[in-house]
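Open the model in your viewer and keep the selection tool at hand. The tour goes from strands to a cavity and then to a pocket.

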Amino acid sequence: MNVNKRLKIPVIRCEQYQESQKDPEKFPLIKQSCHGYSLNTLPPEVLEMILRLLPLHNVATSVRLVSRHCSTVAAAVLNRAFLTAGSRVEGLIKHNESVMKNMKTHVGLLTCSKALNALELIKAQYKMLRAVTWRYTHPPTKQRKFPRLCFYAGSLLDNLNEFLRRIANYDSFTEDSGVTSFVTVCKRFMNFFEKVSERRVNRSALVSGCKVVDVLDCLVEGRQVQFFKVTSNRKGVEGTVSMKLKYTMKRAWFTCLEVSKNSEDKTWRDEQRFMYLRLRRLVASVNEHFFENLHYEHELVLQIPLILSLRPPPASTYSGYGEYGGRFFYYGNMNKYAYESKFMHPTRTENITIDTEQQIQRPPSFDLIIEIELKCTPELAPLSVRSILKSDEFETYETKTYKNQQLYLRMNVICPASIANRLPSNFVWELHSPRRMR
């Protein structure tokens, strides 16, 4: 008998089992005749094929909790579903753009435009989800200091798949097809993932790597690579990635003030988590205001006759704040219309001469600048350069153990808005490795 062959476990129907308990002589061979495979004895490939047919919410909340074997297979199904969703979004965007070029009716053109706007918002949220989770659900190296985590937001993936199905079928797509609710669910999941799952395993910078760069790379516009170089040592085994990046966020601010420390101890994990949270919220707000104005301009270009006249987006301002470890942070941004109403048209007067003089004066520049200086080993590099590092030489060394992992990241924040308010205009945040938490 083959020792690797999976053993069969008896599976008895409830009705037959109850009858056999009442009259054992009538069913003497029922336990020998009714056999089958349980979930724990199914090969992973077969179990994975079965789980793909189930709603991902059930896979995440029920099947994943059955046993260790089911948890491993369910995690693989959920992680793969998250990766394939990104390629589906990209494919639908390209398909929608090609359909719009050949669309002749105003109704069809307006529907395609709304669908494309929604897909752009979904793509931005997907990139942020990937920036938050990819180092834990899809680690860049086989030599991991922690077990592979699972993208356990099954209901989020189900909503995304349903949304993409509506996009593919233009007849069932409406302007309010769940984009707002999807964005809300994504934010809740990222907050929970960073607070619970990531915090449990992020014991040093060698685990989280260049996550700050991954989050800032989610900006739709304003990213500039000033320097990029990959070097190798004398043996050619482990290389070093050196980068200098510059991010510009229009009409944004990020201020740090030194305050008295609280009585509670300061932990390295929470310090990192709150920094990720601030940058993630700021980037999301900047992208939201960017798409708001971009979609409005797209509809103006289409020149489609509407029942109601097209109105510009309302003035909107986002601000967030928080204190931790003796530092108080205040950050946020405003859209184009809030900026113009505050600085370009502060007052309305009937005197045309005075109004003209006020418009001639240049409004203050509130463009937030974040400069990144980075030097690390390839396995800790940002996600944006992974495709560049995917050479045969790098993949060969990727399977080996990295004994000399290094990471140095310096983030310099320059905030002109703080100068106007007589606040500190410069903030420097550094990340070194190896550094263990307390």
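Two strands pair if DSSP finds at least two bridges between them. Strands (E, at least two residues) and helices (H or I, at least four) are DSSP runs, numbered from the N terminus. This is a predicted model: local features need pLDDT of at least 70, side-chain atom pairs count only at pLDDT 80 or more, and totals for chains, interfaces and linings use all residues. Residues are numbered from 1 along each chain as its sequence is written, and side-chain values use heavy atoms, with hydrogens and water left out.

**Stop 1**

Select residues 368–376, strand S8, and residues 407–414, strand S9. S8 and S9 run antiparallel and are joined by eight bridges. Pick Glu371, and then its bridge partner in S9, Asn412.

To see one of them, select Leu409 and its partner in S10, Leu431.

**Stop 1: a cavity**

Rolling a probe the size of a water molecule over the atoms shows where empty space is left. On a 1 Å grid over the protein atoms alone, a cavity is a set of points where a 1.4 Å probe fits but cannot get out; a pocket is an open set with protein on both sides within 12 Å along at least five of seven lines; lining residues have an atom within 4 Å of a point. Grid points are joined across faces, edges and corners, and a volume is the space filled by probe spheres set on the points.

There are two cavities of 30 Å³ or more.

**Stop 3**

Next, select Glu221, Lys250, Arg251, His289 and Phe290. Of the 19 residues that line the second largest pocket, these are the closest to its centre. The pocket holds about 300 Å³ of space. Now colour strand S4 (239–249), helix H11 (268–302) and strand S7 (327–334), each of which supplies at least two lining residues. H11 gives the largest share, seven residues.
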